[in-house]
Amino acid sequence: MSDKRVFLGNDGEQDFMGPFQARDPRVNDFFQEILKIGLEFRAQPHVRSDPRPTPTSVKFSGIPRKGAAYKDLLDQFRDIARGSVHWGSPNWVGFPDAGNSVPSLGAALMIPLLGQNLCNQDVTSPSATFTEMEVVHWLRSNLGYAVPDAYNNSLEIGGILTVGGSLSNAIALIAAREAQFPGSGVDGLPVLPRDVRVLVPDVIEHYSIRSALSSLSLGGSNVVRVPVDDDFRIILPELERCIDEERAAGRHVMACVAYAGDSRTMCIDNLSEIADILQKKKVWFHVDACHGSCLAFSRTHRPKLKGIEKADSVTIDPHKALWVTYTCSFVLFKDPKTLAKVGATTELILKTQWSLGQITPFIGSKAFDALKLWATMKYFGQEGIERLIDDRLRLTAQIQEEVRGNPDLILLNKTDINACIMLFMPEDTQMCGTQLQPAEMDRLNEINKAIKMAIQNGGRFFIHGFPLRRVAHPLIPKDHPVFVLRTMNGNPLTTIDNVRLLLGEVVRLGQKFIAEIGLKDELRAKL
């Protein structure tokens, strides 16, 4: 075999990988240095080593006329790393997406080196296809779906990997559309899109449902928000009322979405009761369990998911809940035959026995991302994952106690998983015991927003913050928007000491900002 060289310059450096190029010491040194940059980034304790202000505008140069050498690329890689956010820092408690399990990181390094395409098994992924199928088999079994002893083709697997929860939710709604309007993927809707409805919980709905409806030309405004109680769970009589009223008006209720861990409060809805109502009403039941599905690994916390096995479809995000690097999401179906109704029809994807491409909407070529979860589940096993999930929720309980015990903070939610929603409100104000006026609440919202941004820009910690349209609390005006702060622990390396330091910074900043704008004296005057 000849040693073909396609190199165009840059001091004789190799520009493509092949049998001969892989032995070049400069290639080896290049990859070793990349690994060093990545490992040093992962070793930093803070969230951002080089906090940089968010620009108001950016300008870009043209395409480089001449190529860069390895050294120049490495220098730029280092600069990008310095400006990046370390989600795996123990001080990052705004989201659980730590992505720091060693087996997952190892698999992530393997994926581009193997270069498998999960579109066609026999041509482009002879071994990888079955790894993804095995992961889907494990996940469906863990949720309580029926699984066979053996499979005869890819159509029987009952789930697929996608690039994120939003796409997984969209594919679930495609399946709901096919159940409501069989053949509509080929022939089009037999009704006007404006007459199609999808039910979601009020206040905590995730934007991905409206986005999916918009992408499917079903109208993002065609969601119906079902009233929820003070713990953000669907009020069951209201669910029945919404279905009956929509149908009485001549509209078609295509699906109902409930959350096993909504992205704000981590509330798990009454899945079993909702499932029974929807089965009686013949409405597709979709559960967004991108966060909460991890509880299925825990004997202690699995009962919180009671009824999830009744759902027609479930989405899960291992990159959120199982320490897997981005991206890794799945949509699973109770009836595996559903996949055949949402798949692709093209001669470019082989209709072979094990082709996953024929059952993966929106995605043609697909990376071997399932390897990351497969490696994580192989390494930790059921028992190891269970211990880690139980530890996560124990830490959440500790965080709640810390918030309750801090006189300048108010805990605003009862979480089922790992979110603590709080509000900085000075002790003096709380002692007043009277409900804030809307204008006072607006100013306190600005204080909490300023706390969130100051912590984010400081680079040492991270806490999330966002507006909620309403929160039930005697000191907060009824139905008034509230800007809340939230921890959502997921990193096994985070301890209560990390969180105590963060909460101390929240209170310090809050007191500082209140003193600066004179709000403290104004609120004290109410006493």
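The model is predicted: local features need pLDDT of at least 70, side-chain atom pairs count only at pLDDT 80 or more, and totals for chains, interfaces and linings use all residues. Residues are numbered from 1 along each chain as its sequence is written, and side-chain values use heavy atoms, with hydrogens and water left out.

The protein has 17 helices and eleven strands. Its radius of gyration is 25 Å, close to the 24 Å given by the globule rule for 527 residues, so the protein is as compact as a globular protein of that length. The radius is taken over C-alpha atoms, and the rule is 2.2 Å times the number of residues to the power 0.38. The C-alpha trace spans about 90 × 60 × 50 Å along its principal axes. Of the 527 residues, 51% are buried. Buried means under 20% relative accessible area, exposed means over 50%, and partly exposed lies in between (1.4 Å probe, protein chains only). The protein exposes about 24400 Å², and carbon and sulfur atoms supply 55% of that area. Accessible areas come from the Shrake-Rupley method with a 1.4 Å probe; for residues, only the protein chains shown count as cover. Among contacts with a separation of 6 or more, 72% join residues 24 or more positions apart. Contact means heavy atoms within 4.5 Å.

Rolling a probe the size of a water molecule over the atoms shows where empty space is left. The search used a 1 Å grid over the protein atoms alone. A cavity is a set of points where a 1.4 Å probe fits but cannot get out. A pocket is an open set with protein on both sides within 12 Å along at least five of seven lines. Lining residues have an atom within 4 Å of a point. Grid points are joined across faces, edges and corners, and a volume is the space filled by probe spheres set on the points.

The largest pocket holds about 1200 Å³. Its lining comprises 36 residues, and the closest to its centre are Ile34, Leu35, Gly38, Leu105 and Leu109. H1 gives the largest share of this lining, ten residues. By class, the lining divides into 24 nonpolar, ten polar and two charged residues. Ala, Val, Leu, Ile, Met, Phe, Trp, Tyr, Cys and Pro count as nonpolar; Asp, Glu, Lys and Arg count as charged; the others, Gly among them, count as polar.

The second largest pocket has a volume of about 450 Å³. Of its 25 lining residues, His206, Tyr207, Ser263, His291 and Lys320 lie nearest the centre. Helix H6 (165-180), helix H8 (207-215), strand S10 (464-468) and strand S11 (482-488) each supply at least two residues of this lining. The largest share, three residues, comes from H6. Seven lining residues are nonpolar, nine are polar and nine are charged.

His464 is found in strand S10. At 17% relative accessibility, His464 counts as buried. Beyond its neighbours within four places in sequence, His464 is in contact with Gly94, Phe95, Lys452, Val484, Leu485 and Arg486.

Two cavities of 30 Å³ or more were counted. The largest cavity contains about 40 Å³ of space. Its lining consists of Leu139, Asn142, Leu143, Ser293, Ala296, Phe297, Ile316 and Leu322. Helix H5 (residues 128-143) contributes the largest share, three residues. This lining has six nonpolar, two polar and no charged residues. The second largest cavity contains about 30 Å³. Cys290, Ser293, Cys294, Ile316, Asp317, Pro318, Ala321 and Leu322 line the second largest cavity. Six of these residues are nonpolar, one is polar and one is charged.

Two further residues were examined. Val191 lies in the loop between helix H7 (184-187) and strand S2 (196-201). Val191 touches Phe181, Val196 and His252, not counting residues up to four places away in sequence. Val191 and Glu402 are 211 residues apart in sequence and 54 Å apart in space, C-alpha to C-alpha. Glu245 lies in helix H9 (residues 236-248). With a relative accessible area of 45%, Glu245 is partly exposed. The C-alpha atoms of Glu245 and Asn120 are separated by 46 Å, at 125 residues apart along the chain.

Conventions. Helix = DSSP H or I, 4+ residues; strand = E, 2+ residues; numbered from the N terminus.
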